[in-house]
Amino acid sequence: MLHDSSFWVLVAFVIFFGVLFYLKVPGQLGKTLDERAEKIKRELEEAEKLHREAQHLFAEYQRKQRNALKEAEEIVAAAEAEARRIAEAAKADLTTSLERRRVQAEQKIAQAEALALREVRDAAVDQAITAATGLLREQLQGPAGTAQTERAIAEVKAKLH
C-alpha cells in the first residue's frame with residue numbers, strides 16, 4: 001500500500017484538506033464570499049437608490065420644463081395681447097389726431113373765408129365811400145356842401161365798418 005500511488009494521492013488529499021481546515025480557509029472563504037456578497041448587495045441597493053433619485057430628478061426636470069414651456073407660452077400670449085392693445089391705442093390716437101387736424105383745418109379755412117369776406121366787404125365799402133364822396137362833392141359844392149359831405153361820409157363809415 002505504501003507503494004501504491006493511489007494511497008499517496010489519498011494521503012496528500014487528506015493532508016491538503018486538513019491544512020485547509022486547520023487554516024480555516026473554508027470559513028475565511030465563506031467570510032470573504034459573504035463580505036463580497038454583502039458589498040455587492042450594498043452596491044446594488046445604492047445603485048437602486050441612485051436610480052430612484054435619478055428618476056425623481058428626471059420627473060422633476062420634466063415638470064419644470066413643462067412649467068417653463070407653459071410660462072413661455074403665457075409670456076408670448078401676454079406680449080401678443082399687449083402688442084394688440086398698443087396697436088389699437090395707436091390706431092385710436094391716430095384717428096383722434098387726424099380728426100383734430102381736420103377740425104383745425106376746417107377752422108383755418110373758415111377763418112380765411114371770413115377774413116377774405118371781410119377784406120372784400122371793406123374794399124367794397126371803401127369803393128362805395130370813394131364813389132359816394134365823389135358824387136356828393138360834385139352835387140354839393142361850397143363850404144356848406146363840404147361840411148355836409150364830410151358829416152355824411154363819417155356817418156357812412158361808422159355804419160359800414
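Predicted model: local features only at pLDDT ≥ 70, side-chain atom pairs only at ≥ 80, totals over all residues.
Biologist: How many salt bridges does a search of the whole structure find?

Modeller: The search finds 5 salt bridges. One of them joins the side chains of Arg 52 and Glu 48.

Biologist: Why is the contact of Arg 52 and Glu 48 called a salt bridge?

Modeller: The N to O distance is 3.0 Å. The criterion asks for a side-chain nitrogen of Lys or Arg within 4 Å of a carboxyl oxygen of Asp or Glu, so the contact of Arg 52 and Glu 48 qualifies.

Biologist: What separates Arg 52 and Glu 48 along helix α2?

Modeller: Arg 52 and Glu 48 are 4 residues apart in helix α2 (residues 25-139), which means a separation of about one helical turn.

Biologist: Why are Arg 52 and Glu 48 called partly exposed?

Modeller: The relative accessible area is 47% for Arg 52 and 48% for Glu 48. Buried means under 20% and exposed means over 50%, so Arg 52 and Glu 48 fall in between.

Biologist: What makes the contact of Glu 82 with Arg 85 a salt bridge?

Modeller: The closest N and O atoms of Glu 82 and Arg 85 are 2.4 Å apart. That value lies within 4 Å, and the contact therefore counts as a salt bridge. Glu 82 and Arg 85 are 3 residues apart in helix α2, about one helical turn. Glu 82 is partly exposed at 35% relative accessible area, and Arg 85 is partly exposed at 46%.

Biologist: Which residues are linked in a network of salt bridges?

Modeller: The network links Glu 99, Arg 102 and Glu 106. Within it, Arg 102 forms a salt bridge with Glu 106, with 2.4 Å between the closest N and O atoms. Arg 102 and Glu 106 are 4 residues apart in helix α2, again about one helical turn. Their relative accessible areas are 38% for Arg 102 and 42% for Glu 106, and both residues count as partly exposed.

Biologist: How many aromatic pairs does a search of the whole structure find?

Modeller: The search finds 3 aromatic pairs. Among them is the pair of Phe 7 and Trp 8, with 5.3 Å centre to centre and 70° between the planes.

Biologist: What is the geometry of the pair of Phe 16 and Phe 17?

Modeller: The ring centres of Phe 16 and Phe 17 are 5.7 Å apart with the planes at 70°, so this pair is edge-to-face. Phe 13, Phe 16 and Phe 17 form one aromatic cluster.

Biologist: Which residues form the nonpolar patch on the surface?

Modeller: The patch consists of Phe 13, Phe 16, Phe 17 and Phe 21, with about 440 Å² of accessible area together. Phe 13 is placed in helix α1 (residues 5-22).

Technical notes. Residues numbered from 1 in each chain as written. Heavy atoms only, no water. Patch = residues over 30% accessible without salt bridge, like charges linked within 9 Å, V, L, I, M, F, W, Y side chains within 5 Å. Areas by Shrake-Rupley, 256 points an atom, 1.4 Å probe, with all protein chains shown as cover. Helix = DSSP H or I, 4+ residues; strand = E, 2+ residues; numbered from the N terminus. Buried < 20%, exposed > 50% of the residue type's maximum accessible area, 1.4 Å probe, protein only. Phe/Tyr/Trp six-rings, centres within 6.5 Å; stacked < 30°, edge-to-face > 60°.
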